[in-house]
Amino acid sequence: MNFPLYIAKRYLRSASKNNAINIINGIAALGVVVGSMALFVVLSVFSGLKEFSLSFTNEFDPDLKISSTYGKSFLLTPEQELGLTKIQGLSSSSKIIEERVLFLFDGKEQVTYIKGVDSVFEKVNPIQKIIYQGQWLENHTNQVVVGYGICQKLSMGLFDFNHPFEVFVPKAGRGAIENPDEAFNRCKLAPAGIYAINEDLDSKFVFADLTLTQALLEFKPNQISGIECKLKPGADEQKVIQELEQLFPKNTAIKTRAQLNDSLYKMLNTENIAVYLIFTLVIIVALFNLVGALIMMILDKKHNLKTLYNLGAEIKHLRSIFLFQGALLSIVGGCVGLVLGIAVVLLQQQFQWVMITPNLAYPVVFSVQNILIVLATIFSLGLLASWIASSRVTQKLLEKF
């Protein structure tokens with residue numbers, strides 16, 4: 001029988017004759033419980049905030065995007081277009097054009113991006129989910145879908161025939177401009193819908209038909225600035241990327257959704273790590289109580305330890321008693337705190353007790369990964385604290401009694 005573990009279990013279950021030691025043990029156990037519960041709740045909250053933040057960009061960003069690394073556009077050959085349809089992991093692909101242009105409405109100006117899209121764009125991006133008012137544009141027309149932020153800045157509504165909504169695109173060429181009217185390609189647009197996501201994205205794009213955008217920019221029929229792709233459920237992303245790299249070997253870059261929002265992902269991950277380290281520091285401070293409690297237990301059980309030592313127990317076995325006791329206390333306290341934290345997270349998901357706004361509950365995400373992180377943190381730090389305390393059991397200490 002592993003007698004250090006057996007004695008450690010007895011010490012953990014039984015109360016000391018000294019009430020002060022019982023109080024210290026209770027405080028140490030409570031610190032582990034509260035620390036593990038707080039760490040799990042905070043990690044769940046930041047997972048929810050991360051998912052909530054990325055949900056906005058997911059409405060716009062495709063699973064994969066092919067863009068040019070040399071200039072703003074590239075030519076799509078018929079062979080490449082046919083090759084896209086043969087890639088097994090791709091559900092659909094949409095040709096797009098993005099360019100920064102000038103929009104004018106009722107004497108007000110706005111410089112932002114026009115995004116030309118083809119008829120397949122709705123299959124790649126769930127654009128219908130973000131239509132706030134009106135409808136999606138019809139193909140081969142001058143209809144556009146405008147962001148809510150742009151509409152506010154220009155004081156613009158849908159199908160306002162009294163005030164034309166115009167786009168101005170500088171013409172390509174060299175030399176001095178003699179007539180300003182001939183320096184721009186211009187077109188009257190008909191706002192058919194308004195999309196709304198968040199403050200930044202609502203002022204970024206004006207969606208238009210691909211052929212209309214090509215005409216404004218004087219592009220060739222097969223000249224585009226990018227291709228947005230949607231993966232099939234369960235498709236191997238890396239395998240699809242490899243096939244696309246073989247299909248587009250030159251002057252193109254293939255980026256995933258995470259790479260398209262590289263700075264946002266880095267910011268969210270950095271915040272998550274920072275919060276984890278802060279709450280880990282709180283747990284470390286709480287585990288100082290565990291060290292103190294174990295040292296008090298060592299002093300309280302000194303006569304028992306002396307007896308065991310005289311009966312032949314080695315110093316390392318006596319140390320193992322308190323190492324096991326601290327580890328068991330950490331595991332039990334961590335599991336209890338974890339159960340309480342899981343209950344808090346599930347109750348928030350179910351009943352939405354904490355609200356950010358009257359209509360928006362504080363986002364939380366229940367994740368097995370967070371459970372493993374909390375368990376690993378509590379166990380490793382608890383084991384370290386127990387080792388520090390158990391190292392106080394020395395032969396010199398026992399010879400004093």
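The legends below describe close-up views of a predicted model, in which local features need pLDDT of at least 70, side-chain atom pairs count only at pLDDT 80 or more, and totals for chains, interfaces and linings use all residues. Residues are numbered from 1 along each chain as its sequence is written, and side-chain values use heavy atoms, with hydrogens and water left out.

**View 1. Salt bridge between E98 and K65.** The structure holds 8 salt bridges, a salt bridge being a side-chain nitrogen of Lys or Arg within 4 Å of a carboxyl oxygen of Asp or Glu. In the pair shown, the N to O distance between the side chains of E98 and K65 is 3.3 Å. The two residues belong to distant parts of the chain: E98 is in strand β3 (residues 90-105) and K65 in strand β1 (residues 64-68), 33 residues apart. Helices (H or I, at least four residues) and strands (E, at least two) are DSSP runs numbered from the N terminus. K65 is buried, with a relative accessible area of 15%, while E98 is partly exposed at 22%. Here buried means under 20% relative accessible area, exposed over 50%, and partly exposed in between (1.4 Å probe, protein chains only).

**View 2. Salt bridge between K95 and E81.** The closest N and O atoms of K95 and E81 are 3.3 Å apart. K95 is partly exposed, at 23% relative accessible area, and E81 is partly exposed at 37%.

**View 3. Salt bridge between R186 and E166.** The side chains meet at 2.9 Å, N to O. R186 is in strand β8 (residues 184-195) and E166 in strand β7 (residues 165-170), so the pair ties together parts 20 residues apart in sequence. R186 has a relative accessible area of 46% and is partly exposed, whereas E166 is buried at 11%. Elsewhere, salt bridges that share partners join K65, E98, K115 and E228 into one network.

**View 4. Surroundings of F165 in the largest nonpolar core.** A nonpolar core is a set of buried Ala, Val, Leu, Ile, Met, Phe, Trp, Tyr and Cys residues joined through side-chain atoms within 4.5 Å. Of the 39 residues in the largest one, F165, I227 and L244 touch the most other members. Strand β3 supplies the largest share of this core, 5 residues. Leaving aside neighbours within four places in sequence, F165 is in contact (heavy atoms within 4.5 Å) with residues including F103, L104, F105, V144, V146 and L189. A second, separate core of 23 residues includes I283, L287, L338 and V364.

**View 5. Helix α7 (residues 237-247) and its buried residues.** V240, I241 and L244 are buried in this helix. They cover an arc of only 100 degrees around the axis, which puts them on the same side of α7; the arc is that of the directions from the helix axis to the C-beta atoms. The buried residues of α7 pack against β1, α3, β3, β11 (226-231) and β12 (252-256). D236 caps the N-terminal end of α7, with a side-chain oxygen 3.2 Å from the backbone nitrogen of Q238.

**View 6. Helix α12 (residues 368-390).** At 1.5 Å a residue, the 23 residues of α12 should span 33 Å, and the end C-alpha atoms are 32 Å apart, which agrees. The expected span is 1.5 Å times one less than the number of residues. Among the buried residues of α12 are I371, V374, I378, L381 and A385. S367 caps the N-terminal end of α12: one of its side-chain oxygens lies 3.2 Å from the backbone nitrogen of Q369.

**View 7. Q223 in strand β10.** Q223 is buried, at 15% relative accessibility. Its side chain and that of S73 are joined by a polar contact of 2.8 Å. A polar contact is a pair of N or O atoms within 3.5 Å; within protein, one must be able to donate a hydrogen and the other to accept it, and residues adjacent in sequence count only if both atoms are side-chain atoms. Beyond neighbours within four places in sequence, Q223 is in contact with S73, F74, L75, I97 and Q214.

View 8. H140 sits in the loop between β5 (131-134) and β6 (143-147) and is exposed, at 64% relative accessibility.
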